[in-house]
Amino acid sequence: MTDGWLTLPGMARAPSPNHNARPPGTVIDLLVIHNISLPPGEFGTGLITDLFLNQIDISVHPWLENVRGLEVSSHFLIERHGQLTQFVSCHDRAWHAGVSVFDGRQACNDFSIGIELEGTDDLPFTAAQYDKLLSLTLELRSLYPLNHVRGHSDIAPGRKTDPGRCFDWAGYARDAGWSEQALPEHTQDVTANSAPPSNIPTNPTT
Ligand SMILES: [Zn+2]
């Protein structure tokens, strides 16, 4: 991997025109998790890939008027059955985060890598998706100094809600070995719940 394109087993490549150069000298230190489905709540339509390649036929569903003319992308997409596709070299800036801020730094596309999970805010993601997300995360962390992971909603609050309440932050953090400092603040209660606080007696009957 010298060109920013990964070669994990089974992954596909679909180069998207929707990218440009990161600012010179950018350190890529943030991972951003999203969800997307097109139309919302329908899976396996192939329309996400079409959208990222600017090849979407918006006449196939009325909702798709909402994405007319949009030029967007993500570095990675993980579909429901675990298929992983890369659309943009990690060296380049994909267009996934939009207006966003992380730790006082604007325009998170500049310094982040984006992963889309096919899904919605209100449906659990699949085991196959978590498996692929885990291997992708570990690979990316071996290549880039990713010190933090955030949901899209964490960096664009009030504007974005993905990956949504069904994303299993605790399980993902545990499996991928993210440190507490790397995670969004809202996940820390959840992850802390995996063991009861030592100063509170547990009820032996439950
Ligand atoms: Zn998003």
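Student: What covers the buried residues of α2?
Tutor: Some ground rules come before that. This is a predicted model, where local features need pLDDT of at least 70 and side-chain atom pairs count only at pLDDT 80 or more, while totals for chains, interfaces and linings use all residues. Residues are numbered from 1 along each chain as its sequence is written. Helices (H or I, at least four residues) and strands (E, at least two) are DSSP runs, numbered from the N terminus. As for the cover on α2, it includes β3 (30–36), β4 (76–78), β5 (84–86), β9 (112–118) and α4 (169–176); contact means C-beta atoms, placed from the backbone, within 7 Å.

Student: Which residues of α2 are buried?
Tutor: A residue is buried if 20 or more other C-beta atoms lie within 10 Å of its own, exposed if 12 or fewer, and partly exposed in between, with C-beta atoms placed from the backbone. In α2, Gln129, Lys132, Leu133, Leu136 and Thr137 are buried. They fall within an arc of 140° seen down the axis, so they line one face of α2; the arc is taken over directions from the helix axis to the C-beta atoms. Ala127 and Ser142 are exposed, on the face turned away.

Student: At what angle do α2 and α4 pack?
Tutor: Two packed helices are described by the angle between their axes and the distance between the axes. Here α2 and α4 pack at about 45°, with axes 10 Å apart. Axes are lines fitted to C-alpha atoms, for helices over the stretch in contact, and angles run from 0 to 180 degrees between N-to-C directions.

Note on methods
Contact = placed C-beta atoms within 7 Å.
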